[in-house]
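Thanks, everyone, for making the time this morning.

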Amino acid sequence: MLKALFLDMDETLCDTPGANEKAKLLMAQALQTQHGKAFDGQRFADAYVTGIYREWSSAQRARYMPIIEQQSEEAFRVQLIRDLMAEHGVNDLSDESIQSLQNKFDQDRIDAFDFYPGIKEWLAQARKIFTLVVITNGPAFSQVPKVEQVNMIEHVDHLIIGGQEPEEKPFPSIFEKALRLANCEAHEAIHVGDSLASDIAGANNSGITSVWIQHQRPLDAELGINPSHTIVHPSEIPALVNKLHQQ
């Protein structure tokens with residue numbers, strides 16, 4: 001019997017890519033206004049988002065991880081902007097200007113952050129039947145404002161932010177915490193998420209039925225990670241959960 005739904009947040013319940021694109025566009029426009037149309041604001045914004053998602057080269061990892069560990073996530077993002085500006089030939093920005101640019105991106109992204117259409121209404125119905133637990137990876141610096149923007153705790157029973165835990169997905173400890181909060185066994189829960197490496201591998205290794213949201217991406221057979229179920233888009237979550245509940 002299905003008792004609990006464990007749900008990823010970004011690209012599962014909420015349209016994070018849409019919010020990123022809006023914030024990147026506004027960042028690019030602001031940079032071109034400040035530095036002229038010859039400044040490649042879109043390339044800068046793309047590189048910034050790549051950086052904050054920690055899609056780093058080995059050299060970047062060696063540079064930025066100590067800043068995160070010894071200072072803060074915010075200090076890393078400020079340094080990332082400074083480095084990217086230097087790559088674009090701008091070396092004379094004040095600390096205040098860099099901080100302002102970082103703050104603006106964060107605020108623009110949060111302003112655009114929202115549930116996918118229909119998800120909020122579905123959560124209200126699902127909560128009448130299941131215990132709902134959101135498990136989201138990422139630093140508290142970025143994830144707390146997101147959950148506050150959509151008032152997530154009003155729509156689910158429990159909320160786990162990986163950056164506030166000893167370990168993030170795919171480690172078993174975070175799924176074990178979700179099971180304790182939901183007061184259920186692994187076979188009584190399903191986990192829905194878009195990341196094969198974090199969501200699906202983590203659920204599989206914890207004995208939890210996994211649902212992968214594909215978002216038009218191919219299944220990488222070389223990873224050896226096979227979801228229990230696959231859907232293309234978050235809009236398909238309600239129908240699949242209903243089907244699994246009736247089994």
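Predicted model: local features only at pLDDT ≥ 70, side-chain atom pairs only at ≥ 80, totals over all residues.

**From one residue to the fold**

Let me start with Asp83, which, once its neighbours within four places in sequence are left aside, is in contact with Arg63 and Tyr64, where contact means heavy atoms within 4.5 Å. Residues are numbered from 1 along each chain as its sequence is written, and side-chain values use heavy atoms, with hydrogens and water left out.

Asp83 sits in helix 4; helices here are DSSP runs of H or I with at least four residues, strands are runs of E with at least two, and both are numbered from the N terminus. Is Asp83 buried or exposed? With a relative accessible area of 15%, Asp83 is buried, given that buried means under 20% relative accessible area, exposed over 50%, and partly exposed in between, using a 1.4 Å probe and protein chains only.

The structure holds five aromatic pairs, counted when ring centres of Phe, Tyr and Trp (its six-membered ring) lie within 6.5 Å, with planes under 30 degrees apart called stacked, over 60 edge-to-face and the rest tilted. One of them joins Trp56 and Tyr64, whose ring centres are 5.9 Å apart and whose planes stand at 50°, so this pair is tilted. Trp56 also pairs with Phe76, this time edge-to-face, at 5.5 Å centre to centre and 75° between the planes. Because Trp56 lies in the loop between helix 2 (41-52) and helix 3 (58-70), whereas Phe76 belongs to helix 4 (residues 73-87), the pair ties together parts that are 20 residues apart in sequence. Both Trp56 and Phe76 are buried, and together with Tyr64 they form one aromatic cluster.

Turning to the sheet, which order do its six strands follow? The sheet is open, with parallel pairing and the order 3-2-1-4-5-6, where two strands pair if DSSP finds at least two bridges between them. Its edges are strand 3 (158-161) and strand 6 (229-231), each of which pairs on one side only, and neighbouring strands are turned by 20° against each other on average, direction ignored. These angles are taken between N-to-C directions and run from 0 to 180 degrees, with axes fitted as lines to C-alpha atoms, for helices over the stretch in contact. Strand 1 (residues 4-7) and strand 2 (residues 131-136) pair in the parallel sense over four bridges, and Leu5 has Leu132 as its bridge partner in strand 2.

Helix 7 (residues 140-149) lies across strand 2 and strand 3, at about 155° to strand 3, while helix 10 (residues 237-246) lies across strands 1, 4 (189-193), 5 (209-213) and 6, running at about 155° to strand 6.

Finally, the chain as a whole has ten helices and six strands, and 47% of its 247 residues count as buried. Its C-alpha trace spans about 60 × 35 × 35 Å along the principal axes.
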